[in-house]
Amino acid sequence: MHKWVKKAGKGAFKYQYSLRPTSLSLMPEALQMIPASAVLQIVLKRGSKVAETREFACAGADTKLDGGTLQMLCTLYRDADRHSAFEGKEATITVVVVHTASGRRRAVPLCRVTLDLAAHARVTPITGELELSLVRESGAAKAPIGTLRASLASRWLQNYTAPDDGCSADGSGRGMNGYASDASIASVGSSSSLLEWSTRTPTRT
């Protein structure tokens, strides 16, 4: 049975998220920032935890993706009141431009989107399709310069006991070489999901 973890009077629930990018659309403004010799990569990050797709060539305005599924474990918190919603749990999806000139790998952020993982948490496993607007990584202008389409699945790990969050990818699995970014994905807020929680409240131990 799932353990009730106390944190300032809150219950903790471990969830596994699987994000599979399927296509990337970029506007001319974004395409101009990608050198012909560079490749792209999609990075899922929360805190110090990072998962990456395999590197892929940009096919122009629209690129079909098959670079792997990004996985991340997150602990979601909510008040002990079984009718309460989860606190937000943000992660970032970033498209980076990978330069390999002179035999050295350098990843430069191109655009990103922030997601609240808690919004995609239910008692039973769920899978959904996402269409995410990407904005520039830097600069004052925050207008969208691309769109990422992906499938996102989540499931509650009722018997999970490991203390730390983690993430992995069936893509490259390589570290970010110092690249840093915020990250996020979801939140439970509908009345139906709260009713589901009220019928299956974890037991305190």
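## Ground rules

Helices (H or I, at least four residues) and strands (E, at least two) are DSSP runs, numbered from the N terminus. Asp79, for example, sits in strand E5. The model here is a predicted one, so local features need pLDDT of at least 70 and side-chain atom pairs count only at pLDDT 80 or more, while totals for chains, interfaces and linings use all residues. Residue numbers run from 1 along each chain as its sequence is written, and side-chain values use heavy atoms, with hydrogens and water left out.

Back to Asp79 for a moment. With a relative accessibility of 38%, Asp79 counts as partly exposed; buried means under 20% relative accessible area, exposed means over 50%, and partly exposed is in between (1.4 Å probe, protein chains only). The C-alpha atoms of Asp79 and Ala12 are 9.0 Å apart, although 67 residues separate the two along the chain.

## Salt bridges

How many salt bridges does the structure hold? There are 4, taking a salt bridge to be a side-chain nitrogen of Lys or Arg within 4 Å of a carboxyl oxygen of Asp or Glu. One of them joins the side chains of Arg136 and Glu29, at 3.4 Å from N to O. This pair links distant parts of the chain, with Arg136 in strand E8 (residues 126-136) and Glu29 in helix H1 (residues 28-31), 107 residues apart. Both ends are partly exposed: Arg136 has a relative accessible area of 26%, and Glu29 comes in at 37%.

Glu55 and Arg105 make another salt bridge, with their closest N and O atoms 2.9 Å apart. Here too, distant parts of the chain are linked: Glu55 is in the loop between strand E3 (49-52) and strand E4 (62-64), while Arg105 is in the loop between strand E6 (90-99) and strand E7 (106-116), 50 residues apart. Glu55 is partly exposed at 33%, and Arg105 is partly exposed at 21%.

Then there is Arg149 with Glu131, whose closest N and O atoms are 3.5 Å apart. Arg149 is partly exposed, at 29% relative accessibility, whereas Glu131 counts as exposed at 59%.

## Aromatic rings

A pair of aromatic rings is described by the distance of the centres and the angle of the planes. Rings of Phe, Tyr and Trp (its six-membered ring) pair if their centres lie within 6.5 Å; planes under 30 degrees apart count as stacked, over 60 as edge-to-face and the rest as tilted. By this rule, the count is 4 aromatic pairs. One of these is Tyr15 with Phe86, an edge-to-face pair at 5.9 Å centre to centre with 80° between the planes. Tyr15 lies in strand E1 (residues 10-26) and Phe86 in the loop between strand E5 (70-79) and E6, so the pair ties together parts that are 71 residues apart in sequence.

## The nonpolar core

A nonpolar core is a set of buried Ala, Val, Leu, Ile, Met, Phe, Trp, Tyr and Cys residues joined through side-chain atoms within 4.5 Å. The largest one has 40 residues, and those with the most contacts inside it are Tyr15, Tyr17, Leu24, Leu26, Ile93 and Leu148. The elements giving two or more residues to this core are E1, strand E2 (39-46), E5, E6, E7, E8 and E9. E1 gives the most, with 6 residues.

What does Tyr17 touch? Leaving aside its neighbours within four places in sequence, Tyr17 is in contact (heavy atoms within 4.5 Å) with residues including Leu70, Met72, Cys74, Leu117, His120 and Leu152.

## Strand E2 and its partners

E2 is mostly covered, with 6 of its 8 residues buried. Two strands pair if DSSP finds at least two bridges between them. E2 pairs with E6 in the antiparallel sense over 7 bridges, and with E3, also antiparallel, over 4 bridges. Lys45 stands opposite Thr92 in E6 and opposite Val50 in E3.

The hairpin of E2 and E3 has 2 residues between the strands, and Gly47 takes a positive phi near 60° there.
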